[in-house]
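Subject: Structure handover

Hello,

I am handing over the structure below, and my notes on it follow. Please read them with the structure open.

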Amino acid sequence: GAGEMDWIERVRSASGNLRAAAIWCEHDSKRSAMALRIYVAINWYSFATGQLGDARQRLTTALERAGEIDPLLRGRALLALAHLVLWQGDHTAVGPYADQSLALLTRANPIDHASALSLKAASLLFNGDPVGAGRVAEEALALARLVSPHCIQPFALYWRGWAATSRGDHELARESLEEAIA
């Protein structure tokens, strides 16, 4: 959006401190939850700056070390990891992370829940189930619209449009994709 470059620059200027704090957290399993919070918070920054491989490795390691943590935090970390693997094009890895995050975020706020559902829709599409993907994308969109406007709504619309295209429903695909970019 309009302030995106300012936001990226603010995070970039603090990235050394964020990285140092996260690395400090990684050295003690008692601080695993704190490391996960940092990685979840900067996930979109990792996407925007192309630091996907490093972010994936650090988030994976932090999740492995986390042990017993708040299920909502684990769900958000798995959701962040599902986004990272999607952005890297590792489509086979999206499903398991999406499923795990969805199991933990079903009762979370509508944005986290809709985001997990959107990734589940993507996973279903990658696995050849456009009907299931469309159904799940519709559910994600309904949740996203509860808090509209929010950036998750175009993602839900995108996956609904892609599912519709895969089913041959070009009218719904066009409607979905036009709304997503409006």
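A nonpolar core is a set of buried Ala, Val, Leu, Ile, Met, Phe, Trp, Tyr and Cys residues joined through side-chain atoms within 4.5 Å. Buried here means under 20% relative accessible area. Please keep in mind that this is a predicted model.

The cores

The largest nonpolar core has 31 residues, and Leu 117, Leu 119 and Trp 159 have the most contacts inside it. Two or more residues of this core come from each of α5, α6 (91-105), α7, α8 and α9. The biggest contribution is that of α7, which gives nine residues.

Leu 117 touches several residues beyond its neighbours within four places in sequence: Leu 102, Val 136, Glu 139, Ala 140 and Leu 143.

The helices

Helix α5 covers residues 71-87. Its 17 residues reach 24 Å from first C-alpha to last, close to the 24 Å expected at 1.5 Å a residue. Because 13 of these 17 residues are buried, α5 is largely enclosed by the rest of the structure. After α5 comes Gly 89, with a positive phi near 85°.

Helix α8, residues 130-146, also agrees with expectation: its 17 residues should span 24 Å at 1.5 Å a residue, and its end C-alpha atoms are 24 Å apart. Buried residues in α8 include Gly 132, Gly 134, Val 136, Ala 140 and Leu 143. The buried residues of this helix pack against α7 and α9 (152-167). Two of the names above, Val 136 and Ala 140, are among the contacts of Leu 117.

Helix α7 runs over residues 110-126 and holds Ser 123. Ser 123 counts as buried because its relative accessibility is 5%. Neighbours within four places in sequence aside, Ser 123 is in contact with Val 94 and Gly 95.

The surface

Which residues make the nonpolar surface patch of about 270 Å²? The patch is formed by Trp 44, Phe 47 and Phe 155. Of these, Phe 47 sits in helix α3, residues 43-48. Phe 47 has a relative accessibility of 39%, so it counts as partly exposed, the range between buried at under 20% and exposed at over 50%.

Regards

Methods: Residues numbered from 1 in each chain as written. Predicted model: local features only at pLDDT ≥ 70, side-chain atom pairs only at ≥ 80, totals over all residues. Heavy atoms only, no water. Patch = residues over 30% accessible without salt bridge, like charges linked within 9 Å, V, L, I, M, F, W, Y side chains within 5 Å. Areas by Shrake-Rupley, 256 points an atom, 1.4 Å probe, with all protein chains shown as cover. Salt bridge = Lys/Arg side-chain N within 4 Å of Asp/Glu carboxyl O. Helix = DSSP H or I, 4+ residues; strand = E, 2+ residues; numbered from the N terminus. Buried < 20%, exposed > 50% of the residue type's maximum accessible area, 1.4 Å probe, protein only. Contact = heavy atoms within 4.5 Å. Expected span 1.5 Å × (residues − 1).
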